[in-house]
Amino acid sequence: MRVRALAGATLLLAAAACAPAPSPETASAAARAPMVDARATTETRALFDALHALTGRGVMLGHQDALAYGVRWAVEPGRSDVREAAGSHPAVYGWELGHLEIGRPANLDGVDFARMRGWIVDAYRRGGVVTISWHLNNPVSGGSSWDTTRAVAAILPGGARHDAYLRWLDTFADFATSLRGARGELVPVVFRPYHEMSGSWFWWGGRLTTPEDYKRLWRMTVEHLRDRRGVHNLLYAYAPNSSGDQTALRYLDHYPGDEWVDVMGVDTYVRPQQSPAQQQAALAADLRAVGAAARAHGKIAALTETGFETLPDSLWFTRTLLPALRADSLTRRATWVLLWRNATRATRDNDHFYAPYAGHPSASDFKHFRDDPFVLFEDELPDLYGRAAPRTATPR
Ligand code: BMA
C-alpha cells in the first residue's frame, strides 16, 4: 500500500543550491523554456505548445486508470466513472507501468498492458492527454517500489545494477514507442518518473538517496530514453509530494535542472482531519508554490496527483478543489489536475476511490465543477495536437 503523504504543509520554494534560481529580473516570469527533447515529434511539440497556451486559461480534469475500471466495474468498453458521473470522459488519462520492467502482462494494479495501449490510443484519438507513472520494483532487492533497500547508487553508471537497470528502461522505451495513432504517429506521453521523491517511501526518494544521486538518476533516464533509445514522444514531469509533517518542503531540492524537465507538478492529497477551509488553503499553497516555480523557470505546471479518498465531503469539488485551482494567477497556472484511481475493497483492503461514480453523493457537485468555464473535460478540449481531432462529443 503506498504510503500517502497527506498534504497540509506548504510547499515553500527554496533557493536550493542544486537548481540555481533564475536571476531576479527573470524570477517574475521566465520566457517559455525549450523542450527537454529538441527532437520531439510534431505531435509532442504541439502538446507542449498547447499546454503552455492553456496556462492560466483553464485546467483539465484527469483521472488515473479511468477507462480500465471503476468503483463497480472493470474492463467494460467505453465506460468511465467520470463520464457516468459528469457526462464526459476526463481530459487527462493517468496510467501506471509498475511491473512492466519485470515482464508481467499486467501492472501492479492488474491493468493489462495490451489493453492499456488500446485505451491510450483511443484517448489520444479523441484529443485527450496521456500521462504515465511508474512504480518500478526495487532494482537491488527485487521488492516493490515501497521496498526501501538502498538502490539508486547501484543503478547509476558504474553501479553493480546499472546495466540491468538500463534493460528496465528499455521496457519503457519499447512501450512508449509502441503507442501509435491512426497515421502511425507516436502518441505523446507526459512521463512522470520517480515521483514523490521528497518523501522516503519509494526506493528512489528522500532519505534513501541524495538529491545529487536523484538528479543523476533522472538525467541518466532521460539520456537513455531520448539519446540512446531515440524515444521522442515524451514530455518529462517532475513531481515532488507535499510533505505531511507540517515542515516546509524545499520544492527544488531534487530538481534536475531546466534542461531535464518540461512539467513541474506536485502530488498532494487531502488531510481528512482538516476543515474544508484548511484543505483549500493547503492545496492553494501547494499550487501557488508549483505555479511560482513553473513561472520562474518557464515550465508547464500541473497538479499531478490529488484527491480526497472515498470523497466523504460531497461538496469537495466546488468548495475545496475549484477555489484552490482558481485562487490566483499562480494557482491558475496548473494545466491539469489528476484525480487518483477508483479502486475498491473488491481489489484491495479498503475503498480507495477519488472520482465520483454515477449515484455517488458528490456526483452533482462534480457536475457543477465540470460546468465551471475554467474546468475542461475531454469533450470540451481545444485541439492539443495540431490536428482536427475526431470528436466523439458526448451530450452535456
Ligand atoms: C498507490 C495506490 C496503490 C497502487 C499504486 C500504483 O497510490 O493506489 O494501490 O498500487 O498507487 O498505482
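Which side chain meets R32 in a salt bridge? Select D49: its side chain pairs with that of R32, N to O, at 3.1 Å. R32 sits in the loop between helix 1 (24-27) and helix 2 (42-54), while D49 belongs to helix 2. The two are 17 residues apart, and the pair links distant parts of the chain. R32 has 43% relative accessibility, so it counts as partly exposed. D49 is partly exposed as well, at 31%.

**Whole model**

Zoom out. This is a predicted model. Colour by pLDDT: the average over the protein is 91, and 89% of the residues score at least 70. Now pick residues 1-9. Their pLDDT is below 50, yet the model gives this stretch 46 contacts beyond near neighbours in sequence. Next, residues 12-27. Here pLDDT stays under 50 too, with 25 contacts beyond four places in sequence. Where pLDDT is low, predicted coordinates should not be read in detail.

Switch to cartoon. The protein has 10 helices and 13 strands. Of its 396 residues, 62% are buried.

**S80 and its surroundings**

Go to S80, in the loop between strand 4 (73-74) and helix 3 (81-86). S80 has 1% relative accessibility and therefore counts as buried. Show its side chain with that of H89. A polar contact of 2.8 Å joins the two. Then show what else touches S80. Beyond four places in sequence, its contacts are A66, L67, W73, H89 and P90.

R79 is partly exposed at 24% relative accessibility. E76 is partly exposed too, with a relative accessible area of 34%.

**Helix 6**

Select residues 162-176. This is helix 6, with 15 residues. From first C-alpha to last it reaches 21 Å, close to the 21 Å expected at 1.5 Å a residue. Which of its residues are buried? Highlight H162, Y165, L166, W168, L169, D170, F172, A173, F175 and A176.

Among the helices, it includes helix 4 (113-125), helix 5 (152-155) and helix 7 (211-228). Among the strands, it includes strand 6 (129-133), strand 7 (189-192) and strand 8 (234-238).

**A salt-bridge network**

Stay on helix 6 and pick D174. It forms a salt bridge with R229, whose closest N and O atoms are 2.7 Å apart. D174 lies in helix 6 and R229 in the loop between helix 7 and strand 8, so the pair ties together parts that are 55 residues apart in sequence. D174 is partly exposed at 42% relative accessibility. R229 is also partly exposed, at 29%. Salt bridges with shared partners join R167, D170, D174 and R229 into one network. The salt-bridge count for the protein comes to 21.

**D213 in helix 7**

Move on to D213, a helix 7 residue. Is D213 buried or exposed? It counts as buried because its relative accessibility is 18%, and the cut-off for buried is under 20%. Show its contacts. Beyond four places in sequence, D213 touches V152, A153 and L156.

**Two positive phi angles**

Finish with the backbone. Select Y194, in the loop between strand 7 and helix 7. Its phi is near 50°, a positive value in a residue other than glycine. Y194 is buried, with a relative accessible area of 2%.

The last stop is T310, in the loop between strand 11 (300-306) and helix 9 (316-325). Its phi is near 65°, again positive in a residue other than glycine. At 26% relative accessibility, T310 counts as partly exposed.

Terms used. Residues numbered from 1 in each chain as written. Predicted model: local features only at pLDDT ≥ 70, side-chain atom pairs only at ≥ 80, totals over all residues. Heavy atoms only, no water. Helix = DSSP H or I, 4+ residues; strand = E, 2+ residues; numbered from the N terminus. Expected span 1.5 Å × (residues − 1). Buried < 20%, exposed > 50% of the residue type's maximum accessible area, 1.4 Å probe, protein only. Contact = heavy atoms within 4.5 Å. pLDDT = per-residue confidence, 0-100. Polar contact = N/O pair within 3.5 Å; in protein donor to acceptor, adjacent residues only side chain to side chain. Salt bridge = Lys/Arg side-chain N within 4 Å of Asp/Glu carboxyl O.
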